[in-house]
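Dear colleague,

Please find below the structure that I am handing over to you. The notes that follow it set out what was found.

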Amino acid sequence: MSAPKKVIRCHYEVLEITRTANAEEIRSSYKQLARKWHPDKNLDDPALAAERFKEVQQAYELLSDPNERSWYTSLQLIVNIFIRSFLISHETFLPNYKINL
């Protein structure tokens, strides 16, 4: 049995916000999702909760900083195209990765 595919997700998707969200919307979404995915509140599947909680924290850290967010947003299209091209051309070498950007 092969390992489950790892999914690379967009930070905006992780926080469930649009690319035009303001700082308050980012913060509000982060707080809501951090509560939802906190490992202490998800005793049924703490491993999944810890993974999602970490994703939410990383997305918030990047998107809450105006300079980092600007860089991420402006280069996201180029990075997405590169990653898709790379993963498609190297699919046989990276069978456990799935991209969802």
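**Aromatic pairs**

Tyr12 has a relative accessibility of 1% and therefore counts as buried, a term that means under 20% relative accessible area, with exposed meaning over 50% and partly exposed in between (1.4 Å probe, protein chains only). Please note that this is a predicted model, in which local features need pLDDT of at least 70 and side-chain atom pairs count only at pLDDT 80 or more, while totals for chains, interfaces and linings use all residues. Residues are numbered from 1 along each chain as its sequence is written, and side-chain values use heavy atoms, with hydrogens and water left out.

The structure holds two aromatic pairs. Rings of Phe, Tyr and Trp (its six-membered ring) pair if their centres lie within 6.5 Å; planes under 30 degrees apart count as stacked, over 60 as edge-to-face and the rest as tilted. Tyr12 and Tyr72 form a tilted pair, with 6.0 Å from centre to centre and 40° between the planes. Because Tyr12 lies in helix H1 and Tyr72 in helix H4 (residues 66-89), this pair ties together parts that are 60 residues apart in sequence. Tyr72, at 13% relative accessibility, also counts as buried.

Why is the pair of Tyr30 and Tyr60 stacked? The ring centres of Tyr30 and Tyr60 are 4.1 Å apart and their planes lie at 15°, so the pair is stacked. This pair links distant parts of the chain, as Tyr30 belongs to helix H2 and Tyr60 to helix H3, 30 residues apart. Tyr60 has a relative accessible area of 22% and is partly exposed.

**Overall fold and confidence**

The protein has four helices and two strands, which run β-α-α-α-α-β from the N terminus on. Helices (H or I, at least four residues) and strands (E, at least two) are DSSP runs, numbered from the N terminus. Of the 101 residues, 26% count as buried. Of the contacts with a separation of 6 or more, 56% are between residues 24 or more positions apart, where contact means heavy atoms within 4.5 Å.

The mean pLDDT (the predictor's confidence in each residue, from 0 to 100) is 84, and 79% of the residues reach 70 or more.

**The nonpolar core**

A nonpolar core is a set of buried Ala, Val, Leu, Ile, Met, Phe, Trp, Tyr and Cys residues joined through side-chain atoms within 4.5 Å. The largest one has 18 residues, of which Leu15, Ile17, Val56 and Leu63 touch the most other members. Helices H1 (11-14), H2 (23-37) and H3 (46-63) are the elements that each give two or more residues to this core. H3 provides the largest share, six residues. Leaving aside neighbours within four places in sequence, Ile17 is in contact with Tyr12, Glu25, Ile26, Ser29 and Leu63.

**Trp37 and His38**

The charged end of Arg52 sits over the ring of Trp37, 5.9 Å from the ring centre; the criterion is NZ of Lys or CZ of Arg within 6 Å of the ring centre and within 35 degrees of the ring normal. His38 is found in the loop between H2 and H3 and, at 27% relative accessibility, counts as partly exposed. Beyond its neighbours within four places in sequence, His38 is in contact with Ala49 and Phe53.

With kind regards
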